[in-house]
Each structure stands twice: as C-alpha cells, then as structure tokens.
Amino acid sequence: MTLQLIDESTNTTATPSVSVSSADGFMTISGTFSVKNGRFYGLKVLDGSTLIYRDRVFVTAQTTFDKYTVNQGVYIEDDSYDNEFVIL
C-alpha cells in the first residue's frame, strides 16, 4: 500500500512510509506524517497503481472539536430584516 498526502497550499505530494493492518473488514494505516496546522491535505491510498481510497484532511491542534468550523468567517448571517410576512 502507498499513501500520498497532497498539500493543497503548495500542491506538493509526500509519500510517507506506513504500516498497514486489517481486521473485520477495516484497514488501519499507521505512520509518521509531517503536516502543518491549519492546512488542508488531499489523501490517497493506492494498492499498486489502483486508487482504493481518497479523502480530504484538515489538520488542527484544537482539542475542543465542537467549537471549530471550517466555515468560520465565510458565512455571515444577515439580520437586516425582521422576517415578517404581510398577507393580503
């Protein structure tokens, strides 16, 4: 198995050494990854040249998971109206 981490900020690909185990239909991949806080990474798992898994990973050191959102500052709620309806 080969694991690739693609840094979306720099568009560079790292291929760290990993160990793979499987049990009860699940695959576990362990390794040491060199990543930077606050960045998104593309993750690919290949079996030879066949892509078997793809995902997107966000790296954070935050441990209070309910407080972080990747949309923070992107969506602003509009409260300039009172949401009243007029029925004629």
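Visitor: Leaving aside neighbours within four places in sequence, what is valine 59 in contact with?
Guide: In this predicted model, valine 59 is in contact with Val35, Lys36, Asn37, Gly38, Arg39 and Tyr41, once its neighbours within four places in sequence are set aside.

Visitor: Which residues make up the largest nonpolar core?
Guide: That core has 6 residues in all: Leu3, Leu5, Tyr41, Leu43, Val45 and Val59.

Visitor: In what sense do S1 and S5 pair, and over how many bridges?
Guide: The two strands pair in the antiparallel sense, over 6 bridges. As one example, threonine 2 has leucine 46 in S5 as its bridge partner.

Visitor: And how many bridges join S5 to S6?
Guide: There are 8 bridges between S5 and S6, and these strands run antiparallel. Within this pairing, valine 45 has tyrosine 53 in S6 as its bridge partner.

Visitor: How many residues lie between the strands in the hairpin of S5 and S6?
Guide: The hairpin has 2 residues between its strands, and glycine 48 takes a positive phi near 70° there.

Visitor: Changing topic, how many salt bridges does the count come to?
Guide: The count comes to 2 salt bridges. In one of them, aspartate 7 is joined to arginine 39, and their closest N and O atoms are 2.7 Å apart.

Visitor: Is aspartate 7 buried or exposed?
Guide: Aspartate 7 is buried, because its relative accessible area is 7% and the limit for buried is under 20%. Arginine 39 is partly exposed, with a relative accessible area of 22%. Arginine 39 is also one of the residues in contact with valine 59.

Visitor: What does arginine 56 form a salt bridge with?
Guide: Its partner is glutamate 8, and the closest N and O atoms are 2.9 Å apart. Arginine 56 is in strand S6 (residues 50–58) and glutamate 8 is in the loop between S1 and strand S2 (12–14), so this pair links distant parts of the chain, 48 residues apart. Glutamate 8 is partly exposed, with a relative accessible area of 39%.

Conventions: Residues are numbered from 1 along each chain as its sequence is written. This is a predicted model: local features need pLDDT of at least 70, side-chain atom pairs count only at pLDDT 80 or more; totals for chains, interfaces and linings use all residues. Side-chain values use heavy atoms; hydrogens and water are left out. A salt bridge is a side-chain nitrogen of Lys or Arg within 4 Å of a carboxyl oxygen of Asp or Glu. Buried means under 20% relative accessible area, exposed over 50%, partly exposed in between (1.4 Å probe, protein chains only). Helices (H or I, at least four residues) and strands (E, at least two) are DSSP runs, numbered from the N terminus. A nonpolar core is a set of buried Ala, Val, Leu, Ile, Met, Phe, Trp, Tyr and Cys residues joined through side-chain atoms within 4.5 Å. Contact means heavy atoms within 4.5 Å. Two strands pair if DSSP finds at least two bridges between them.
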